[in-house]
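Open the model in your viewer and follow along.

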Amino acid sequence: MKLYNELADWWPLMSPHTEYEEEAGLYLEIIRRYHPDVKKAVEFGSGGGSNAYYLKRHFSMTLTDLSPDMLRVSRELNPDCEHIQGDMRNLYLGDAYDLVFIHDAITYFTDKAELLGVMHNAKRHLNEKGILMIMTDQFAETFKSNTDHGGIDQGKRGMRYLEWTYDNDSEDKVTETEYVYVMREEDGTVVREYDHSKGGLFSMPEWEELLAQAGFQAHFERVEYTEAKGNYFAIVATRIV
């Protein structure tokens, strides 16, 4: 996606970290329920580092992402965290963690074999009591076509976006998302960009089966936001082998 590469500098205006405080707090509650003594965590697909901005107050975090441009954005927000560029399917840090956290970046995987690869890689980064937490955007049981919009001004710069997610083929386990970005530069110049992404649409039993193949037991936890955002569930995976 353009947003994670050549347009990455606009990310803080599209999705400011201040909008993540409640979300990160809810994730922390779930994490502590399964592992109250997390001291060291790694995030796969950390993006702009907005969740880490709040979670790092409770345990140390190493942040990894495929995009060097997004890592640059995250370093500005989280200069106290280690940042490593790499693919969550095969990145190896040579260390063991109490928590592997994967936010919505995992939604972009549309192939089960690649998802399984991510799960195996997460497991080799966990110590004996470590847990894996996944926050995918969508499940087959709860998915509904939706639109979203937002963005903020920052000084003379500003950005607004329109996002539309839909399922064009109910048989292919893939959703499509269209984006329109309108960006105002400091000199008043307005630029418009279009973007597109695909996401995997798997059922909860399919997630459970994949995690079992990787040696995990899956636990689905409803995430209750103050404002209604639909049916969101976190997956907490505990080691079984």
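**Stop 1: a helix pair**

Select helix 5 (residues 112-124) and helix 6 (residues 204-213): they pack at an angle of about 50 degrees, with their axes 9 Å apart. This is a predicted model, where local features need pLDDT of at least 70, side-chain atom pairs count only at pLDDT 80 or more, and totals for chains, interfaces and linings use all residues. Residues are numbered from 1 along each chain as its sequence is written, and side-chain values use heavy atoms, with hydrogens and water left out.

Helices (H or I, at least four residues) and strands (E, at least two) are DSSP runs, numbered from the N terminus. Axes are lines fitted to C-alpha atoms, for helices over the stretch in contact, and angles run from 0 to 180 degrees between N-to-C directions.

**Stop 2: the contact**

Now show side chains. Which residues of helix 5 meet helix 6? Pick K112, L115, L116, M119 and H120 in helix 5. Across from them, select E206, W207, L210, L211 and Q213 in helix 6. Contact means heavy atoms within 4.5 Å. Color the contact residues by type: 6 are nonpolar, 2 polar and 2 charged. Ala, Val, Leu, Ile, Met, Phe, Trp, Tyr, Cys and Pro count as nonpolar, Asp, Glu, Lys and Arg as charged, and the others, Gly among them, as polar.

**Stop 3: the whole protein**

Zoom out and show the cartoon. The protein has 6 helices and 12 strands. Its C-alpha trace spans about 55 × 45 × 35 Å along the principal axes. Of the 241 residues, 52% count as buried (under 20% relative accessible area, 1.4 Å probe, protein chains only). Finally, look at contacts between residues at least 6 apart in sequence: 63% join residues at least 24 apart.

Methods: Buried < 20%, exposed > 50% of the residue type's maximum accessible area, 1.4 Å probe, protein only.
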